[in-house]
Amino acid sequence: MKVILAGGGTAGHINPAIAIAQTIKIKEPDAQILFVGNEGGLEQRLVKNAGFSIESVSIRGFRRSLSPKALAQNVGTVFMAASASKKAKKIIKEFAPDICIGTGGYVSGPVIKAAQSLKIPTVVHEQNAYPGVTTKMLSKKAKCVMLAMDAARERMDSGCEFELTGNPIRPEIMGVRKEEARKILGVDDRPLVISFGGSMGARKINENIAEIIARSGKDKKYQHIHAYGKYGTWFPDLLKEKGIDRDKCDNLDIREYIDNMNICMAAADLAVCRCGAITLSELQVMGKPSVLIPSPNVAENHQYHNAMALVRENAASVIEEKDLTPEKLTSEIDKLLSDKSLLEKYSVNAKKMAITDANDRIYKVIKKVLSD
């Protein structure tokens with residue numbers, strides 16, 4: 001089997017593609033897999049770290065503003081899209097895949113459209129309850145749209161073929177025990193908090209989590225792993241302003257991005273994070289208690305609805321960004337880490353929500369499309 005996977009921009013689009021690729025390689029070790037990503041995107045590093053080859057096209061989204069600068073940029077985007085489509089066709093013709101799979105992000109558009117124009121079978125995976133523009137566009141000619149949540153079905157155009165698969169989970173996410181992970185990281189018996197705001201970073205999370213990280217740097221009560229993201233490079237300076245030198249605090253691990261998320265998440269007692277679909281699926285599979293802070297800057301506020309699905313099942317706490325303060329976040333973290341029975345309840349209930357066979361479901365869809 002020869003497969004092209006296209007997805008990028010954020011880890012929420014890249015990690016599902018990597019999970020699908022890893023599943024295919026487990027099922028069919030001789031399968032040939034090629035990723036196509038955006039030049040300079042996060043996918044370049046993540047895909048290579050996962051051991052797969054990647055080719056690149058250049059693409060970006062349209063700006064919705066009517067300012068002269070935005071309009072000029074949109075003209076450039078049109079030419080960029082045309083060039084990306086041409087290069088995508090060249091990559092596809094040279095690799096000659098049996099199937100092309102899109103997992104979202106701007107790069108999925110030109111690659112999957114090019115495959116469809118070349119009569120290559122395509123499938124698309126939608127991670128969220130609210131389908132993205134790219135998914136809706138590609139679904140018209142896709143052999144199948146794989147949905148992580150059934151709620152997405154009613155928001156898709158009629159006539160598309162759907163399969164409810166859940167979100168693909170990287171095999172390594174499910175394969176690490178907490179005790180083993182803590183040993184790998186060299187952490188002790190103190191509570192370990194992991195926090196992050198996505199690959200780009202989230203200013204509000206960074207600003208508000210800094211208070212409890214600074215406190216831990218002084219009183220050593222908690223161990224803390226925090227990723228400030230691509231646009232949060234100012235975060236270490238914020239800690240310095242609060243009197244913390246991270247290099248001198250052995251209980252603090254502050255970095256731009258968490259490459260070994262499977263180890264860090266498994267080791268943690270509590271996660272503080274956004275509510276992207278893949279993140280929540282991984283929390284559920286690992287049975288990880290969490291404090292969820294939905295991003296308000298997403299289509300139809302879907303992260304809030306994602307979070308509330310866990311809250312309704314007593315599997316997580318939520319703090320909306322409009323209500324977020326350092327004091328409130330610190331209080332919630334302290335409350336949870338001081339109540340082992342509540343942490344255990346969150347853990348058990350989160351795990352009950354997990355679709356643990358999503359990878360197998362997705363593989364079956366791929367095989368079915370290839371056999372038709």
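Guide: Helix α1 is largely enclosed by the rest of the structure, because 12 of its 17 residues are buried; buried means under 20% relative accessible area, exposed over 50% and partly exposed in between, with a 1.4 Å probe and protein chains only. This is a predicted model, where local features need pLDDT of at least 70, side-chain atom pairs count only at pLDDT 80 or more, and totals for chains, interfaces and linings use all residues. Residues are numbered from 1 along each chain as its sequence is written, and side-chain values use heavy atoms, leaving out hydrogens and water.

Visitor: What do the buried residues of α1 pack against?

Guide: Their partners include β1 (2-6), β2 (32-38) and α14 (358-371), where contact means heavy atoms within 4.5 Å. Among the buried residues are Ile14, Ile18 and Gln22.

Visitor: Why is Lys248 called exposed?

Guide: Lys248 has a relative accessible area of 69%, and the cut-off is over 50%, so the label exposed applies. Lys248 sits in the loop between α8 (235-241) and β10 (252-255). Helices (H or I, at least four residues) and strands (E, at least two) are DSSP runs, numbered from the N terminus.

Visitor: How do you know that β9 and β10 pair?

Guide: Two strands pair if DSSP finds at least two bridges between them; β9 (residues 223-227) and β10 have four, in the parallel sense. One of these links His226 with Ile254 in β10.

Visitor: What makes β10 an edge strand?

Guide: The open sheet runs in the order β10-β9-β8-β11-β12-β13. β10 has a single partner strand, so one side of β10 is left without a neighbour in the sheet.
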